[in-house]
Amino acid sequence: MVTSVEWFVEPCWKGERLLARLENGHVRLTDQVGKPAGTELDEAAHVLEEAIDAEQAVIDGSWTAMPFTGEASPARQRAEAVAEGTDPRPRLDPATLETRRAFVAWDLVELDGQPLHDIPYQERRRLLESVIIENVRVRISPAVRAPIRGWLDAWRADGFTHFVAKQANSRYHPGETAPDWLQVSVDPAKQPSMLGRFFGRRSRAVRHIADQPE
């Protein structure tokens with residue numbers, strides 16, 4: 001169980017998982033297996049070029065509608081109207097109602113030509129925060145420590161179905177399953193499953209992560 005501040009917890013973002021590579025002022029995007037992203041994602045590359053304060057960097061993240069589903073957003077208002085019965089259309093996930101997208105960064109893989117795979121996660125997070133210039137289209141995923149119950153309630157309300165727990169000293173494992181990254185349902189009645197490194201294909205034993213007391 002995650003019972004100490006040695007774990008970071010962040011929402012599990014819906015959307016397209018991408019690796020963004022900044023070189024010579026231009027961003028090149030690849031998918032989770034290294035295949036070049038399609039031209040439909042040119043907008044993501046464009047918004048990132050103005051938001052990365054580095055000569056060279058590789059950033060792991062998601063192109064998603066989720067940042068726009070918070071309080072008072074049009075997507076949230078529509079979902080609430082449907083839920084309250086004032087909108088006759090079927091209830092939908094707020095994220096499916098958004099047309100805008102943003103890139104949410106959650107890890108820094110390389111910086112100025114240096115791979116960061118062996119740098120602890122908490123240090124990679126610090127470096128990530130130093131190179132990303134946040135704006136409405138480029139965000140850094142929040143990463144919090146216990147207690148997390150209040151955060152889970154807020155994320156659940158915003159349409160998130162899972163969160164990710166990452167050990168503070170975990171390394172980056174490209175192409176492998178990491179033993180210290182876990183994907184967990186925000187619904188306490190559901191059992192968690194192993195996330196690994198998103199890239200990974202191998203299965204490992206499932207570990208339970210409990211909500212933290214307030």
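The structure is a predicted model, in which local features need pLDDT of at least 70 and side-chain atom pairs count only at pLDDT 80 or more, while totals for chains, interfaces and linings use all residues. Residues are numbered from 1 along each chain as its sequence is written, and side-chain values use heavy atoms, with hydrogens and water left out.

**Exercise 1.** Find in which sense strands S2 and S3 pair.

Solution. Begin with the elements, S2 at residues 16-23 and S3 at residues 26-30, where a strand is a DSSP run of E with at least two residues and a helix one of H or I with at least four, numbered from the N terminus. The two strands pair in the antiparallel sense over 5 bridges, pairing being assigned if DSSP finds at least two bridges. Next, Leu 22 stands opposite Val 27 in S3. Finally, the hairpin has 2 residues between the strands, and Asn 24 takes a positive phi near 55° there.

**Exercise 2.** Determine how the buried residues of helix H1 are arranged around its axis.

Solution. In H1 (residues 42-49), Ala 44, Ala 45, Val 47 and Leu 48 are buried, that is, under 20% relative accessible area with a 1.4 Å probe and protein chains only (exposed is over 50%, partly exposed in between). Seen down the axis, these residues fall within an arc of 165°, so they line one face of the helix; the arc is that of the directions from the helix axis to the C-beta atoms.

**Exercise 3.** Decide whether Leu 152 is buried or exposed.

Solution. Leu 152 is found in helix H4 (residues 149-157), and with a relative accessible area of 1% Leu 152 is buried. The C-alpha atoms of Leu 152 and Pro 11 are separated by 8.3 Å, although these residues are 141 residues apart along the chain.
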